[in-house]
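Please look over the sequence and the model below before reading the report.

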Amino acid sequence: MGLSHNPVLLNSVIEGLNIIPNGTYIDCTFGRGGHSKNILEKIGNEGKLIAIDKDGEAESYAISNFTNDKRFYFERNNFSNIKHIIEKYNNSQKVNGILLDLGVSSPQLDNPKRGFSFMKEGPIDMRMDTSSHMTALLWLQEANVNEISDVLKQYGEEKYSRRIAKLIKKSLESDSLKTTIDLSKLINKCYPKSESRKKNTATRSFQAIRIFINKELEELEKILEDILALVEKGGRIVIISFHSLEDRIVKNFINKHSDGKNIISKLPIANLNKNLSLKKIKLPLKASEVEIKKNIRARSARIRVAEKI
Ligand SMILES: C[S@@+](CC[C@H](N)C(=O)[O-])C[C@H]1O[C@@H](n2cnc3c(N)ncnc32)[C@H](O)[C@@H]1O
């Protein structure tokens, strides 16, 4: 997650991508282009950067600030459509590097109208793509207690998921759940007194609803299915994740295609699978203390890098 002037794990991203000047790179999560800007500084006149984001505000920002650069292309789309995007902008030719900086951007989180923050009053929206139909509130209205509780448990590991789900439905019936602050107060009420003094009791539920509404894990799984076939030999895949559910998917994917351990059986899989297509590139997994001091959102970031072989 990065501010445009302070993208998360920038040095590791640039080192991880191992940029060649005339290469073609894809920034799947443009945001405000913090990483894109630095990639453009590294590629030469023959290089190309294709950026993707599903957020209309990210698109407007890209058009105003980046599209003068003839090496830059922007597509408002889900990154899981990467294959078609590469067909469109790179004549179906493979690329030299793909970057994913997952999750919500700082501008999304900081704008109360987007409804991502439990500390700022706004509509219960949480859509990254505001042209999509399903807001968080609409989903809470349509879903039943079991469905809400499952989402809170599965994507937020929320231990009071059922209690919260019940109170959400009750509050919707009495028309007393309208804003993000209503929702965050409601969640806090479901915690026992000893725990409810903590300010961040709503963190897990907000995260869970956001992941569900934006199909974040499905999007990640879908792009990983295609990604291997889209990268040139020697090209790099760099993925930054912000919570354990995402990181587990990324780690399993890299292990499965490199000589890592098979997570499930704990057995080395190198000898079982001779057609390995990735090599793990070792970089520090987490941001340094210095970086975390400068940008608190780097605290939960994890970066994984792999090279196509
Ligand atoms: C953490 S921010 C990226 C910040 C960016 N690296 C920067 O330096 O400004 C993630 C961005 O990815 C976008 N995004 C998340 N999931 C997406 C998906 N499945 N398809 C397209 N864009 C997505 C979000 O809208 C958000 O703008």
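## Model and domains

This is a predicted model. The protein is split into domain 1, made of residues 10–107 and 216–308, and domain 2, residues 130–213. Taken over C-alpha atoms, the centres of domain 1 and domain 2 are 31 Å apart. Six residues from domain 1 and six residues from domain 2 take part in the contact. On the side of domain 1 that touches domain 2, three residues are nonpolar, two are polar and one is charged.

An open sheet is formed by seven strands, ordered 3-2-1-4-5-7-6, with mixed pairing. The edges are held by strand 3 (72–76) and strand 6 (278–281); each has a single partner strand, so one side of each is left without a neighbour in the sheet. On average, and with direction ignored, neighbouring strands of this sheet are turned by 15° against each other.

Strand 1 (residues 24–27) and strand 4 (residues 95–101) run parallel and are joined by three bridges. Y25 has G97 in strand 4 as its bridge partner.

## Helices across the strands

Helix 4 (residues 82–90) lies across strand 1, strand 2 (48–53), strand 3 and strand 4. Its direction is at about 140° to strand 2.

Helix 13 (residues 244–257) lies across strand 5 (231–241), strand 6 and strand 7 (302–308). Helix 13 runs at about 25° to strand 7.

Methods: Residues are numbered from 1 along each chain as its sequence is written. This is a predicted model: local features need pLDDT of at least 70, side-chain atom pairs count only at pLDDT 80 or more; totals for chains, interfaces and linings use all residues. Two strands pair if DSSP finds at least two bridges between them. Helices (H or I, at least four residues) and strands (E, at least two) are DSSP runs, numbered from the N terminus. Axes are lines fitted to C-alpha atoms, for helices over the stretch in contact, and angles run from 0 to 180 degrees between N-to-C directions. Two residues are in contact if their C-beta atoms, placed from the backbone, lie within 7 Å. Domain bounds come from an automatic or database domain assignment. Ala, Val, Leu, Ile, Met, Phe, Trp, Tyr, Cys and Pro count as nonpolar, Asp, Glu, Lys and Arg as charged, and the others, Gly among them, as polar.
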